[in-house]
Amino acid sequence: MSQPVFSIEFFPPKTAEGAEKLRATRARLAALGPAYFSVTFGAGGSTQAGTRDTVLEIQREGHQAAPHLSCVGRSRQDLREILAEYRSHGIRRVVALRGDLPSGFGAVDYASGEFRYASELIEFIRAETGDWFHIETAAYPEMHPQAKSPQDDLNNFARKVAAGANAAITQYFYNADAYFRFMEDVRRLGITVPVVAGIMPITNYSQLMRFSEMCGAEIPRWIRLKLASFGDDSASIKAFGLDVVSHLCEQLLDGGAPGLHFYTLNQAAATEALWQRLDLSERARRSR
Ligand code: FAD
């Protein structure tokens, strides 16, 4: 069996205080030995400079760092310069996305502009930089909210792999069957790239509901009801969340998922607790 990849995601902090907090979070999570840290771009109004600065800081600390790069609303020249800069710093991995425009832009016509879809960005990265970058792409076991149908979404995923993606990271989900069914469909299309499961720890009910509404991730009814029943009892939410998500991770790894990617929201505790309960550092070592 090849080594499972356990990775960790941050968003770029917007203030000096946020940057300081992230350093402390990173120090705790770096001790777990993740394969790499990725840094989002554009989500929540963050800037490319924020992504770049955070990525380069992580790299200076001696860790592998992967910037996210989204193409919606950007020019070729813009992206060319960003890629060249990352390359000049020896960055070898990017997470290539279409991205979403921040709310306030009104109705978005994603089909206009220089790049319409992530597959076009991936093609562009390959054309500009050959095999320099290991390209991660996004996958949606519960279907992307704007897709016409599950089959259409699957075909669009196949386009991204055909364009040159090396691997994928999924949107988060809480139903392991959605992942396994997606993987069956993907393999049936002859796609063999690793599809790492995106994991969102559960720590805050209202925040989770808000995110899930936006990205189309389903919160199973029994999880929703149980979380709601805890009210403001944050300790019970976290303890229940740890049980549910660690069980999900066990199912995924036992069923052959090639890795887990943790959406940390720049918090250390929940990811650390999952990592320790699942003994991920030992799992990664054993399979070497
Ligand atoms: P695409 O793969 O282009 O798909 C977008 C939609 O278009 C889908 O419905 C797809 O079915 C459809 N589609 C694709 N190709 C075609 C085609 N040729 N014809 C017709 N329809 C097509 N967002 C950020 O802003 N910043 C981030 O850093 C960020 N990081 C993320 C990391 C991960 C692991 C994931 C899963 C998501 C992330 N996102 C991020 C969110 C992502 O940008 C949104 O989900 C976005 O709406 C879609 O991006 P994509 O790359 O999946 O797009």
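Predicted model: local features only at pLDDT ≥ 70, side-chain atom pairs only at ≥ 80, totals over all residues.
N266 sits in the loop between β8 (259–263) and α10 (269–278), and its phi is near 65°, which is a positive value in a residue other than glycine. Most residues other than glycine have a negative phi.

In soluble globular proteins, nonpolar side chains tend to be buried together. Here the largest nonpolar core has 79 residues, and I125, F157, Y174, I199, L252 and L260 are the ones that touch the most other members. Helix α9 (residues 234–254) supplies the largest share of this core, with nine residues. To see the surroundings of one of these residues, take F157: when its neighbours within four places in sequence are left aside, F157 is in contact with T137, A138, A139, A168, F182, V186, I191 and V195.

Helices also meet one another. Helix α7 (residues 205–215) packs with helix α8 (residues 221–229) at an angle of about 145°, and their axes are 10 Å apart. Which residues of the two helices meet? On the α7 side they are Y205, L208 and M209, and on the α8 side they are R224, L227 and A228. Sorted by class, this contact has five nonpolar residues and one charged residue, with no polar ones.

Finally, there is the empty space. Rolling a probe the size of a water molecule over the atoms shows where empty space is left. The structure holds two cavities of 30 Å³ or more. The largest cavity has a volume of about 50 Å³, and its lining includes L208, a residue of α7 that takes part in the contact with α8. Also among the lining residues are M200, P201, F211 and L265; by class, the lining has six nonpolar, three polar and no charged residues. The second largest cavity has a volume of about 40 Å³ and is lined by Y140, P141, E142, M143, Q171, Y172, C215 and G216, which divide into five nonpolar, two polar and one charged.

Technical notes. Residues numbered from 1 in each chain as written. Heavy atoms only, no water. Axes fitted to C-alpha atoms, helices over the stretch in contact; angles between N-to-C directions. Helix = DSSP H or I, 4+ residues; strand = E, 2+ residues; numbered from the N terminus. Contact = heavy atoms within 4.5 Å. Nonpolar A, V, L, I, M, F, W, Y, C, P; charged D, E, K, R; others polar. 1 Å grid on protein atoms, 1.4 Å probe; cavity = no way out; pocket = protein on both sides within 12 Å on 5 of 7 lines; lining within 4 Å. Points joined across faces, edges and corners; volume = space filled by probe spheres on them. Core = buried A, V, L, I, M, F, W, Y, C linked by side-chain atoms within 4.5 Å. Buried < 20%, exposed > 50% of the residue type's maximum accessible area, 1.4 Å probe, protein only.
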